[in-house]
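User: I am new to this structure and would like a close look at a single part, the surroundings of the ligand. Please take me through that part with care.

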Amino acid sequence: MDVEQFFEHVITVRMNDDLTALDIIDQTLLPTTIKRIDLGTKEEIWDAIKKLRVRGAPAIGVAAAYGIALLASKIEAKDYDSFSAEFTSIKDYLASSRPTAVNLFWALDRMQRVLVNKKGETISQIKKALFHEADRIRAEDVEISRRIGEIGFSILENLKKEGTEIGIMTHCNAGTLATAKYGTATAPMYVALEKGWRGDDMHVYCDETRPLLQGARLTSFELFNSGITTTLQCDNMASILMKSGKIDVIFVGCDRVARNGDAANKIGTSGVAILARYYGIPFYVCAPTSTVDLATPTGDQIPIEMREPDEVTEMWYRERMAPEGVDVFNPAFDVTDHDLITGIITEKGLVHAPYDKAFEQNNVKN
Ligand code: MRU
């Protein structure tokens with residue numbers, strides 16, 4: 001299977017053919033089982049986001065967009081005001097699924113703008129327009145992550161030395177499984193393949209990402225299947241790898257970037273950034289502009305999701321790994337200080353601190 005076929009094989013979110021359900025790959029079953037499931041009700045969509053069956057900031061945005069288009073298509077109200085009231089209540093419900101990735105709220109707000117702009121048209125026209133907007137969000141995500149990949153690829157090209165592989169580290173999964181196609185942190189690698197690099201021109205070291213193992217279950221699965229030289233390591237092995245000189249560059253994804261450039265991503269990312277600074281390794285955050293939240297001034301205001309203790313004490317083998325009743329600290333994300341970030345790559349370009357000015361100059365609005 002080539003990379004293009006692999007992307008098709010694991011497509012994260014799409015509508016089913018008769019537009020009656022969202023069709024997602026259940027990421028909690030990967031890498032051992034590739035199973036697609038249909039989500040038809042608001043509870044099923046909410047639950048799939050909450051339980052990480054669909055996850056990763058851009059993919060959550062796409063799922064929310066299709067989700068609200070689907071649920072709106074089932075609203076029976078015949079007049080605009082009643083339709084709009086039901087739409088808003090569904091939107092609020094879906095928005096309550098996870099708090100950190102701003103793409104969820106961004107996508108739902110964008111869908112609501114369609115509703116507002118289409119006031120005066122028939123309910124059936126509005127329903128169609130909502131599906132079109134979700135299609136656009138999905139298609140744009142492919143373009144955007146390709147663009148992020150192009151910019152990241154130019155960084156890889158600058159690092160390339162004849163006859164040696166480039167060592168890349170990544171944390172969690174910001175890959176095809178987190179987006180509509182290329183991923184964000186993985187986009188430079190996938191673009192490199194498209195441009196003719198061989199899989200062994202790069203060597204990607206994936207943090208396993210405890211507690212949920214997205215690095216092990218998802219990132220190493222997708223890179224390995226794409227033919228890229230891939231090594232999996234436990235999170236606490238990042239330091240020894242960096243010290244060994246094997247890592248030339250680090251690319252991570254992001255759930256929300258504050259106006260000052262502080263970036264929330266999977267728990268452990270800030271530790272990787274601190275190590276990278278110590279060992280002098282460039283650390284890039286890859287994020288579509290839909291992940292940049294100019295309304296949030298600094299990382300201190302980014303809500304950090306706290307998740308269930310059993311993710312630490314029992315996942316994934318359903319065998320207890322810690323004493324019954326022990327207190328557990330389980331934040332899903334942390335915030336990397338902007339001054340530890342070498343640069344932020346969005347589809348609009350690579351920007352450096354001071355990030356608030358750079359976002360303004362790059363016309364990053366949302
Ligand atoms: O809890 P998850 O799996 O949704 O966390 C995902 C991440 O932290 C990703 O790195 C982030 O959403 C960026 S995805 C392009």
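**The ligand and its surroundings**

The largest cavity is the space that the ligand takes up; here a cavity is a set of points on a 1 Å grid over the protein atoms alone where a 1.4 Å probe fits but cannot get out, and a molecule sits in one if more than half of its atoms lie within 2 Å of its grid points. This is a predicted model, in which local features need pLDDT of at least 70 and side-chain atom pairs count only at pLDDT 80 or more, while totals for chains, interfaces and linings use all residues. Residues are numbered from 1 along each chain as its sequence is written, and side-chain values use heavy atoms, with hydrogens and water left out.

Around the ligand there are 16 residues, of which Arg55, Arg98, Gln214, Asn265 and Lys266 are the closest; a residue is counted as near when one of its heavy atoms lies within 4 Å. Sorted by class, this shell holds 7 nonpolar, 5 polar and 4 charged residues, where Ala, Val, Leu, Ile, Met, Phe, Trp, Tyr, Cys and Pro count as nonpolar, Asp, Glu, Lys and Arg as charged, and the others, Gly among them, as polar. Because domain 1 (3-140) and domain 2 (152-361) both give residues to the shell, the ligand lies between them; the domain bounds come from an automatic or database domain assignment.

Several polar contacts, meaning pairs of N or O atoms within 3.5 Å, can be described atom by atom. In the side chain of arginine 55, an N or O atom is 2.8 Å from an oxygen atom of the ligand, and for the side chain of arginine 98 the distance from such an atom to a ligand oxygen is 2.8 Å. Glycine 56 takes part through its backbone, with an N or O atom 3.1 Å from an oxygen atom of the ligand. Taken alone, the ligand exposes 410 Å², and the protein buries 100% of that area, as computed by the Shrake-Rupley method with a 1.4 Å probe.

Conventions:
Polar contact = N/O pair within 3.5 Å; in protein donor to acceptor, adjacent residues only side chain to side chain. 1 Å grid on protein atoms, 1.4 Å probe; cavity = no way out; pocket = protein on both sides within 12 Å on 5 of 7 lines; lining within 4 Å.
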